[in-house]
Amino acid sequence: MNFKGRDVISIGDFSKDEIIHILKTAKEMESNPKLFLVGKLMGTLFFEPSTRTRLSHEAAMEKLGGAVIGFADPAVTSKKKGETLQDTIKMVDQYVDVIVMRHNHDGAARAAAEVSKVPIINAGDGANQHPTQTLLDLYTIQKSQGKFDGLKIVMIGDLKYGRTVHSLAVALSHFKCEQYFVAPKSLKMPKYVITHLKDKNIKFYETEKMGGVLSKADIIYMTRIQEERFPDRAEYEKVKGVYILSKSKLKNVKKNMKILHPLPRVNEITQDVDNTPYAYYFEQAGNGIPTRQAILALILGAKK
Amino acid sequence: MSEKKRSISALKNGTVIDHIKNENTFKILQILNLKDEHLMIGTNLKSKKLGKKGIIKVADKELSKEELNKVSFVAPKATIALIKDYDVKKKFEIDFPKEFVGVAKCGNYNCITNNEPVETHFFTLSQDPIIVKCKYCEKVFSNELEII
C-alpha cells in the first residue's frame with residue numbers, strides 16, 4: 001500500500017484497508033519508534049487556534065527526527081494583509097515537505113490540497129472534517145478493546161454539531177460495531193449519517209436517555225453540549241444536567257468499558273471519573289502521537 | 001407543422017429549450033442572462049412528461065456547454081433543438097453532468113468557495129430529485145442553490 005504524497009483531507013477518502021493499514025503503522029510507531037523523518041520539515045499553518053492537534057502533530061514530527069516551522073496565530077501572517085489561502089499554500093510548499101493546516105472555513109483543506117505540491121494534512125476545516133482525530137479515535141478503540149467487530153459504541157451529547165462523532169460513526173461503519181446515539185431531540189445525529197448507516201446495514205439505536213445504554217457499552221464517547229447550539233434557552237436548561245457522566249452512573253458498566261472524549265471537556269465528565277479504570281480520554285489524546293507519526297511517515301514515504 | 005407547435009411562432013435560426021418545468025421557465029432566462037436576445041416564451045403548456053411545461057425559443061443563439069450545464073441544473077429534463085432555416089438541425093436531451101463546476105454558489109456561507117477565490121464544484125448524487133454535494137465543504141444540497 002503506497003501512501004506517499006497522499007493528502008489527508010477527509011476520512012471518507014480512505015478505504016477500510018487503508019484505515020487498517022494506518023492503525024497497524026500507528027501500533028508499530030508506538031512499540032518501535034525510529035527516526036524515520038530526519039531531514040524532513042513540516043509546516044504547521046494554524047489559521048485557528050488549537051492546543052492538542054498542533055502540539056501532537058509537532059511532537060509526532062520531532063519524535064521522528066523531523067523539524068517543524070509554522071504559526072499558531074494568523075494575526076502574525078500575511079493572511080492579515082489579504083493574501084489568499086491558495087497563495088499562502090503555494091508559497092509555503094516551497095519551504096516544507098508536508099503541511100498541517102487548520103482553517104476556519106469548511107473545505108479549506110481540499111482547496112489547499114488542490115494547489116499544494118506537498119501533502120496537506122487537514123487538522124480541522126471549520127465544521128467539516130478532522131480526519132486525524134477520527135483515526136486516533138479508531139486507534140484508541142482498537143488499542144483498548146483489541147478489535148472493532150462486535151463492539152457496542154455509545155456516543156453521547158451534541159451529535160448534531162460535533163464533527164468528531166459524525167466522522168467516527170461513518171468510519172466505524174466499515175466494521176461490525178453496534179452504534180448507540182444518545183442526544184436530546186434538537187441535537188440528534190444528522191440525517192446524512194443515519195442514511196449512510198442504513199445503506200451499510202449497520203445496527204444503530206437512537207435514544208434521549210443515557211441510563212439504559214451505559215451498561216451495554218464497550219466504548220462511551222462523550223461530547224460537550226454547548227448552550228449556544230440551542231435556539232431556545234429553556235430547552236438547554238432542560239437537558240444541560242442530563243448528559244453528564246459521573247462516577248455514580250458507572251456502577252453497572254462493563255469491566256473493560258472505556259470512556260473517550262475529544263477534549264476539551266467542561267463539565268460533561270465529572271472529575272471523580274478520572275480516577276476510575278474507565279477514564280481513557282487522556283490516553284486517547286496521547287494516542288494522537290503514534291497515529292500522527294504513522295500518517296506522517298506514510299505520506300512522506302518513510303513507511304509503506 | 002402540428003397545431004401544438006404553432007402555439008409559439010416558428011424560429012428561423014436559434015435554439016429551442018423545451019420541456020422546462022413550468023415554474024422554472026423564467027429562471028432559465030435569468031441564469032442565461034437573456035436580456036437583449038429575441039425571445040419567444042411559452043408557459044402553462046400541456047405536457048405528458050411534466051403536466052405543465054415551459055418552452056423558450058432564443059433567436060440566433062447556440063448554447064455553450066457551460067450554459068447547458070446551467071440549464072440542466074434548473075431543468076434536468078429539458079430538450080434542446082438547434083434550428084437553422086426553420087429546420088431542426090439537432091435535437092437532444094440535456095445530459096445531466098456528474099459534476100457542476102462554477103455553475104452554482106454553495107449554500108453553506110462558511111464554505112471556502114464563499115470566502116476565497118475558489119471556484120465552486122459539486123458532485124451529482126442524484127438527478128431526480130437533484131441532489132449535489134460540495135467538493136469542498138462536503139455539504140449536500142438540492143437544487144435550491146443560487147446559480148452563478
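**Note on the predicted model: chains A and B**

1. Helix α5 of chain A, residues 131-145, has the length that its residue count implies: at 1.5 Å a residue its 15 residues should span 21 Å, and the end C-alpha atoms are 21 Å apart, so the two values agree. The model is predicted, and the remarks below should be read with that in mind.

2. Helix α5(A) is mostly covered, with 12 of its 15 residues buried. The buried positions include the run A:P131, A:T132, A:Q133, A:T134, A:L135, A:L136, A:D137, A:L138, A:Y139, A:T140 and A:I141. A:K143 is also buried. After the helix comes A:G146, which has a positive phi, near 75°.

3. Chain B is divided into domain 1, residues 10-93, and domain 2, residues 99-142. The C-alpha centres of domain 1 and domain 2 of chain B lie 25 Å apart. To the contact between them, domain 1 of chain B gives four residues and domain 2 of chain B gives six residues. On the side of domain 1 of chain B that touches domain 2 of chain B, two residues are nonpolar, one is polar and one is charged.

4. Chain B has an open sheet of five strands, in the order β2-β3-β1-β4-β5, with antiparallel pairing. Its edge strands are β2 (39-47) and β5 (87-93) of chain B, each of which pairs on one side only. With direction ignored, neighbouring strands of this sheet are turned by 20° against each other on average.

5. The last point concerns a loop residue, B:P117, which lies between β6 (99-101) and β7 (121-126) of chain B. Is B:P117 buried or exposed? B:P117 is exposed, because 11 other C-beta atoms lie within 10 Å and a residue counts as exposed at 12 or fewer. The C-alpha atom of B:P117 is separated by 14 Å from that of B:A104, a residue 13 residues apart from B:P117 along the chain.

Technical notes. Residues numbered from 1 in each chain as written. Chains lettered and ligands numbered in written order. Predicted model: local features only at pLDDT ≥ 70, side-chain atom pairs only at ≥ 80, totals over all residues. Helix = DSSP H or I, 4+ residues; strand = E, 2+ residues; numbered from the N terminus. Expected span 1.5 Å × (residues − 1). Buried ≥ 20, exposed ≤ 12 C-beta atoms within 10 Å, placed from the backbone. Domains from an automatic or database assignment. Contact = placed C-beta atoms within 7 Å. Nonpolar A, V, L, I, M, F, W, Y, C, P; charged D, E, K, R; others polar. Pairing = 2+ DSSP bridges. Axes fitted to C-alpha atoms, helices over the stretch in contact; angles between N-to-C directions.
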